[in-house]
Every structure is written in structure tokens, then in C-alpha cells.
Amino acid sequence: MIPVGHFLILGAALFCLGIYAVLTRNNAIQILIGIELMLNASVLNLLAASRYDRFNLNGQVFALFVIVLAAASVAVALAIILNVYRNFNSIDPNEVNKIKD
Amino acid sequence: MAGNTLPADQLTAFYFALFAVCFPFIGFLKNLILPDKFNDKVSIYTLAASVLCCLVLLLYRFNEPEFVLQTTWFVIGKTVITAGIWLNHLSMLMLLLVSLIALAVHIYSVQYMEDDERYPAYFTYLSFFTFAMMGLVIAPNLIQLYFFWELVGFASYLLIGFWYEREKASSAAKKAFIMNRIGDVGFLIGIFIIFNLYNTFNLTEVNGIKTAEILARNPGSLTVASLCFFLGAMAKSAQFPLFTWLPDAMEGPTAVSSLLHAATMVAAGVFLMARLTPVFTDSALLVMAVVGAVTAFLAAYMALTQKDLKRILAFSTISQLGFMMLAIGIEAQAAAIFHLITHAFFKCLLFLSAGVVIHYMGHFHDAEDSPQDITRMGGLRKKLPFTFAVCSLAALALAGIPFTSGYLSKDAILIQAFEWAEGKGFLFKLIPLSALITSWLTAFYISRLIFTVFFERGEAAKSQQLIVTSFRPSTYEPKSYWMPMLFLALCSLFIVYSWNPFSYEHSWIFASLNKHVAAGSLYHILIPVVVNLGTIGLIYLAYQRYVKNRFSKLSNRGFVYKLSFHQLYLDRFYELALVPSVLFFSKAIFAFDRYVVDGVVNGTALFTRKISSISSWFDGYVIDGFVNQTARISGIIGHYFRNFQSGRIQRYLTLMLFLLLLVCLIFVFI
């Protein structure tokens with residue numbers, strides 16, 4: 001049996017990778033991938049936690065929810081990215097800086 | 001106060017007097033505001049109206065009781081200063097005298113000043129002067145009197161300096177003004193003392209019964225007050241030693257000299273003395289008598305040697321004013337005023353004649369020579385017959401020959417002087433004796449003038465004379481001169497004053513002014529005889545000396561001659577002793593003002609400036625610095641935080657992450 005700490009470490013590592021991707025990538029798509037990584041890290045955590053809830057399996061249910069929501073959010077995010085591309089002719093977030101003071 | 005309790009006749013008289021005074025003023029105002037070629041006519045007609053008023057007043061009011069009508073002028077504290085009119089014998093006589101003399105001079109001036117470029121201004125000044133003098137004689141209180149007294153002084157300044165482009169005339173005007181100021185100070189102090197003693201400025205009250213009471217209580221102050229008033233009169237009436245302005249004032253036009261310095265202005269001092277008689281204490285009166293006698297004698301002595309026609313007349317005026325002062329001093333006010341009136345007419349006439357002579361000579365003199373030098377004249381009898389006639393008459397009046405007005409008034413003074421000295425010590429006798437000698441000197445110098453100017457002289461003198469070949473008498477004696485001069489000549493005769501040519505006591509003027517009846521004495525016969533014998537002898541002597549040229553050994557070089565010619569060197573004395581000290585004093589005051597007063601002011605200013613600059617530095621560097629530094633620091637901080645708002649979404653996210661971590665750490669470890 002794989003101890004639960006390993007899942008958590010893997011989740012944390014995935015989350016950190018996701019954050020790293022979000023913070024450093026110059027491409028909006030890659031940022032979106034980073035976000036997906038973080039979502040998946042959280043899903044992994046939910047699944048690990050679900051081991052202690054064998055009867056209701058709330059963790060797995062939540063994991064399904066998260067996957068659904070992720071799919072929805074990716075759809076929205078892609079739409080946004082498409083529009084950004086139309087307006088700025090680029091999807092580099094450094095160039096989309098119109099909201100500064 | 002105004003008139004509702006007064007009888008109607010007094011009110012009428014009041015209005016007549018008011019109009020008499022105001023007419024010349026109206027003329028003056030018109031001439032001042034709207035000067036045009038009618039200035040002379042305006043002046044003459046307003047003055048003629050004024051003469052008419054005075055005449056009516058004198059005819060209808062002269063024997064009525066005197067009265068004062070006054071109204072409030074202004075109020076200081078509880079003291080009411082009034083202005084008004086005081087009509088009594090003295091003021092009515094003076095009103096008529098001033099207006100008549102002024103009218104004669106006005107009419108004479110039309111021709112005399114004809115060629116002057118400031119002809120209209122001349123009449124403006126004359127009107128103003130006449131107004132001031134007439135205002136003076138009616139004044140019922142000291143303040144009003146002083147007010148007009150100053151106006152007279154100012155008007156005389158304008159008229160003496162009328163030809164101000166001449167250096168001598170303008171300095172003579174200044175001299176007259178400054179010397180008069182000395183007297184004015186005395187007058188003013190006198191007024192203050194009088195107010196302190198009597199608590200009123202009203203002349204009628206001052207002259208009233210209170211004097212006896214104050215005399216008993218405070219004789220010293222009253223004597224000082226009297227002497228202060230006398231100082232004022234000394235300056236105005238050119239008494240020794242303040243007379244030196246009068247000969248210099250002859251720089252003015254001759255018509256002006258006749259009005260100011262013979263007839264009216266210089267009479268103001270004597271008039272003041274006559275107005276204030278009851279105030280004077282015995283010791284003050286004695287001083288007046290002595291000063292009068294000294295002035296009369298010295299001025300006559302100086303007149304003996306002068307060469308300038310007008311200066312001789314000026315000294316003669318001073319001498320006669322000395323006589324009047326003497327009369328005031330011996331309490332013979334009636335005689336003083338009587339002499340003032342007679343003297344006004346004949347002296348005015350003498351000056352007007354001198355004006356004719358000067359105009360005549362002016363056509364022949366060369367640049368260096370003055371047309372007024374009598375040694376250059378001679379034989380004018382035939383050239384100017386009319387002038388000769390009236391001038392001789394005036395000269396006889398001045399010398400005091402019987403049947404002239406001068407005889408009456410001069411003998412009045414001489415006789416009363418002798419009566420006054422009767423029973424007093426030997427020193428008191430000197431006063432009437434000096435007056436007697438003065439009247440002889442008068443006869444001599446005036447006959448010298450007449451003989452030198454009008455008679456042909458001997459060969460020795462002829463070399464200096466200017467001989468005139470072609471002339472037309474009408475050019476120099478135009479008809480417009482005749483009327484005023486004939487009128488003045490008439491007034492130099494006894495008949496105007498008294499039906500009896502030998503007795504001054506029968507003269508209506510003297511009788512109206514005289515308060516106490518003097519007992520007849522031997523002097524009434526003795527004095528006129530002695531005086532006139534001496535006078536006639538001296539006239540004969542002068543005739544021999546100046547026409548026949550005998551006694552020409554009488555040297556012109558002696559000390560006595562020089563002393564007389566240079567007016568006792570008084571001018572020199574003033575110039576060397578008094579003027580430098582006054583100038584030094586002024587300079588000292590100026591230096592004090594410059595270095596101490598200004599120094600304090602400038603020092604304060606400097607100090608304030610230093611303080612302000614320190615304050616400004618503090619303000620600029622400390623207060624402003626604090627404010628600016630605060631603003632700068634805020635700016636720096638704000639600028640720093642602005643950098644966070646870069647618009648880069650990943651930055652924001654990084655920041656959020658770190659802050660989140662920070663919060664977590666804080667919660668974990670604390």
C-alpha cells in the first residue's frame with residue numbers, strides 16, 4: 001500500500017510546477033496548462049483524502065466535479081485567449097498590460 | 001448771538017461795515033479766479049463801493065455809541081472763538097482811511113503800472129491787501145486780529161516782491177516777511193498770556209474793567225504781555241531795532257510803497273497798540289515811549305544822508321511811526337491816531353510824487369545808475385510843475401508848518417509829550433526833547449529832498465545832473481494822476497480836520513478819540529512857536545546848503561555821516577552777528593535731524609530688515625523645507641509603490657503568492 005504522504009508530496013510537487021508555469025510562461029496557453037496542472041494536483045489530493053472515506057467517496061465525487069469544472073474553465077479561458085489574440089495580436093501576457101495604473 | 005436783540009440801526013451799520021470789508025475781497029476773488037483785462041476796473045469799483053459804505057457809516061454812525069456784533073467762529077473745548085465787527089470811532093476812522101488811501105493808490109496805479117506785464121495780478125494783490133487791512137481794523141477779538149494781521153503780512157510779502165525777478169526785490173520781500181515773523185511770535189505769545197489772564201480773546205472784555213483787578217493781582221505777566229504785543233507792533237511798524245526791512249522794502253513798486261509802507265500796513269502796529277491801550281502797564285508804556293523816541297530820532301538822523309529818493313521817504317516813515325509810538329507810550333492815543341491819519345495822507349502823496357519823479361528819471365538813466373538817486377536830479381520844478389506843487393505841500397505837512405495837517409498832529413504829540421514829562425525826572429525830559437529835535441531834523445531832510453530834486457542847483461552839483469532837453473509834461477503827469485494826488489493834497493490841509501488851523505484840540509478826529517480833557521498849559525503856545533521857528537530856520541539853512549551851495553564844506557566823509565548813511569551799520573551787524581548764529585543753529589538742528597532722528601529711523605529700518613531676512617531664511621529653509629521634504633518622501637514612497645501596478649498579470653500573481661506565504665508563515669510561527 002502506498003502511504004498517503006507520497007500522494008501529498010506528488011500533489012504538492014505538481015502544484016508547484018503548475019505555479020511555476022503560471023508565473024513564468026510567456027504564452028497564455030502554457031499558463032492555462034499550468035492552471036490545469038494545479039487543478040490536477042488538487043484532484044490528486046482529493047483522491048488521496050478519499051481513501052479515508054470508503055463509503056461515501058466524497059473525495060472522488062469532488063474530483064469528478066473538479067474535472068468537469070476544469071473542462072468548463074478551459075473552454076472559457078480559451079475563449080478569452082482567442083479574444084485577447086484578436087485585440088492584441090499576441091497571447092503573451094506581458095504585452096497585455098493595459099490594466100496598469 | 002446774531003442780531004435779533006439788536007436795534008435795527010445797529011444791524012444796518014453792521015451790514016455796511018461788512019460790505020465795506022467784503023467788497024475788496026469779492027474783487028480779489030474775481031481777479032484771482034477769472035483774471036482778465038478788467039482786473040483793474042473790478043478792483044477800483046469794488047473799492048469805490050467800499051469807500052462809499054465807509055463814508056455812509058462815518059456820517060451816520062460816528063456819534064452813536066459803539067457796539068460789537070459777533071458770531072461763533074469755532075469752539076475749542078469750552079472756549080468760544082468769535083468773529084465779528086467792532087464799530088467805534090477808531091475802527092470807523094481806520095476803515096475810511098484805509099479805503100480812501102487804497103482807492104487813491106488804485107487809481108494812481110492804473111497809469112503807473114500800465115506797462116507792467118503782470119498788471120492784472122498787481123490789482124489782485126492790491127485788492128487782497130486792502131481786504132486784509134480792513135478786516136484787521138474791525139476785528140473785535142485778538143484771534144481775528146491776528147488772522148488778518150498775518151494776511152496783511154502775507155499780502156505785503158506778495159507786493160514787495162512783486163518784481164520778484166529782481167534779486168533785490170525778492171530778498172527784500174523775504175526780509176520783510178522774516179522780520180515780521182519775529183514780531184508775530186511776540187504778538188502770539190501776548191495773545192496766550194492775555195488768554196491765560198482774562199480767559200477771553202474779546203478786546204472789549206480785555207479792555208474792560210477787569211484790567212484793574214488783574215493789574216493788582218498779576219502786574220508782572222501783564223507787563224510781559226504788553227511788551228510781547230509791542231514786539232509785534234515793533235516789527236510791523238518798523239521800530240528800532242527791527243526797522244531795517246522797511247528801507248529795503250522800497251524795492252517794490254512805488255505805488256505799493258505808498259500804500260503799504262507809508263499809509264496802511266505799517267500803521268497796523270500803531271493801531272494794535274491803540275486797540276490794546278488799557279492793557280498796558282506803566283513800565284511797558286515807558287518802554288514804548290523810549291523806543292518810539294529813539295526810533296524817531298535815529299530814523300530822522302539816517303534820512304539826512306540817504307541818496308535814494310524812496311529810502312529818504314522810508315526813513316521818514318519810520319521816524320513818523322516812532323512819533324506815533326511815542327504818543328502811545330505817553331498815553332496820548334488820540335494824538336497817535338490823529339498823526340497816523342494825517343501822516344497817511346501826506347506820506348502817500350509824497351510817495352506818489354516820488355513815483356512820478358522816478359518814472360521821469362527812468363527815461364534818462366543809464367544802466368549803472370539808479371533812477372532814484374537824488375544827486376542826479378535837479379531842476380525838476382519846471383519839468384513836473386504839478387508834482388512839485390503837491391509834493392511841496394506834503395513836505396510842508398511833514399515838516400509841520402502851520403495850516404497843514406501835519407502841524408496839528410505833530411504839535412499834538414509834542415505838546416502832550418512835554419506835558420507828560422512835566423514834574424518827572426530829568427531823564428524823562430529827554431523824550432520830549434528828542435522828539436523836538438527830531439521834528440527839526442525832519443524839516444531839514446525833507447527840505448533837502450525838495451531842494452535837491454526840484455530846484456536848480458549851483459554849478460558844483462550841476463556836473464552830476466542829468467539835463468533833460470525835450471519833454472512833454474503831459475507824458476509824465478497824465479490827468480489820471482491828478483485826481484488821487486489832488487485829493488491827497490487836500491487831505492494834507494488843516495481844513496479837513498479842524499476849523500482852527502492852530503489848535504489840534506478842535507480837530508474832530510482828536511476830539512472824538514480823546515478820552516480825558518487836558519488842562520491848557522503854557523506849552524500850547526510855547527511849543528508851536530519854538531518848533532516852527534526852528535523849522536523855518538532849518539528850511540532856510542537847507543535852501544542855502546542845497547540850492548545856493550553854501551556851507552558845502554560840511555563834509556560827506558565824517559564818521560557821523562557814514563554812520564547815518566549806512567543806517568548805523570545795523571544791517572551789517574545783523575548780517576555778521578545774528579544771521580550766522582541763526583544759520584549755525586539751523587545747521588545744528590539740521591545735523592541733529594539728519595544724524596540722530598534720521599539715524600534712529602534708518603537704524604530701525606535696518607534692524608527690521610535684518611530680522612526679516614533671518615525670518616525669511618528660517619521660513620525658506622526650515623518650514624518650507626519640512627513641508628517640501630514631507631512631500632518628497634511621500635512622492636518617493638508613492639513612486640515606489642507605483643511600480644507594483646505594472647499591469648503585468650504574472651507579477652501580480654507572484655506578489656499575491658508571496659504575500660500569501662508571508663501570511664501563512666506569520667500564522668504558523670506566531
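Me: How much area is buried between chain A and chain B?

Reply: Keep in mind that this is a predicted model. Interface size is often quoted as the accessible area lost when the parts come together. Carbon and sulfur atoms give 57% of that area here, and the total buried between chain A and chain B is about 980 Å².

Me: How many residues does each chain put into the contact?

Reply: Both sides take part in this one. Going by heavy atoms within 4.5 Å, the contact takes 11 residues from chain B and, from chain A, 13 residues.

Me: What's the count of salt bridges between chain A and chain B, and what's the count of residue pairs in polar contact?

Reply: Start with the salt bridges: between chain A and chain B there are zero. Polar contacts do turn up, with both pairs at pLDDT 80 or more. The count of residue pairs in polar contact is two.

Me: Which helix gives the most to the side of chain A that touches chain B?

Reply: Sorted by class, that side of chain A has three charged, three polar and seven nonpolar residues. Four residues on it come from the top contributor, which covers residues 4-24 of chain A: helix α1.

Me: Where is Lys236(B), and is it buried or exposed?

Reply: Lys236(B) is part of helix α9 of chain B.

Me: What does the side chain of Lys236(B) have 3.2 Å from one of its polar atoms?

Reply: Beyond four places in sequence, Lys236(B) is in contact with residues including Val152(B), Asn180(B), Trp245(B) and Met265(B). Trp149(B) is also among them. At 3.2 Å from a polar atom of the Lys236(B) side chain lies the backbone oxygen of Trp149(B).

Me: How far apart in space are Lys236(B) and Phe641(B)?

Reply: In sequence, Lys236(B) and Phe641(B) are 405 residues apart. Going C-alpha to C-alpha, their separation in space is 96 Å.

Me: Which residues is Gln10(B) in contact with, leaving aside neighbours within four places in sequence?

Reply: Gln10(B) sits in helix α1 (residues 8-33) of chain B. Its relative accessibility is 13%, which is why it counts as buried. With those sequence neighbours set aside, Gln10(B) touches Arg61(B) and Phe67(B).

Me: Zooming out to chain B, what share of its contacts between residues at least 6 apart in sequence join residues at least 24 apart?

Reply: Chain B comes to 27 helices and two strands, and 53% of its 670 residues count as buried. Its accessible surface is about 30,600 Å², with 70% belonging to carbon and sulfur atoms. As for those contacts, the share joining residues at least 24 apart is 79%.

How values were computed:
Residues are numbered from 1 along each chain as its sequence is written. Chains are lettered from A and ligands numbered from 1 in the order in which they are written. Side-chain values use heavy atoms; hydrogens and water are left out. Buried means under 20% relative accessible area, exposed over 50%, partly exposed in between (1.4 Å probe, protein chains only). Buried area is the accessible area (1.4 Å probe) that two parts lose on being put together, summed over both. A salt bridge is a side-chain nitrogen of Lys or Arg within 4 Å of a carboxyl oxygen of Asp or Glu. A polar contact is a pair of N or O atoms within 3.5 Å; within protein, one must be able to donate a hydrogen and the other to accept it, and residues adjacent in sequence count only if both atoms are side-chain atoms. Ala, Val, Leu, Ile, Met, Phe, Trp, Tyr, Cys and Pro count as nonpolar, Asp, Glu, Lys and Arg as charged, and the others, Gly among them, as polar. Accessible areas come from the Shrake-Rupley method with a 1.4 Å probe; for residues, only the protein chains shown count as cover.
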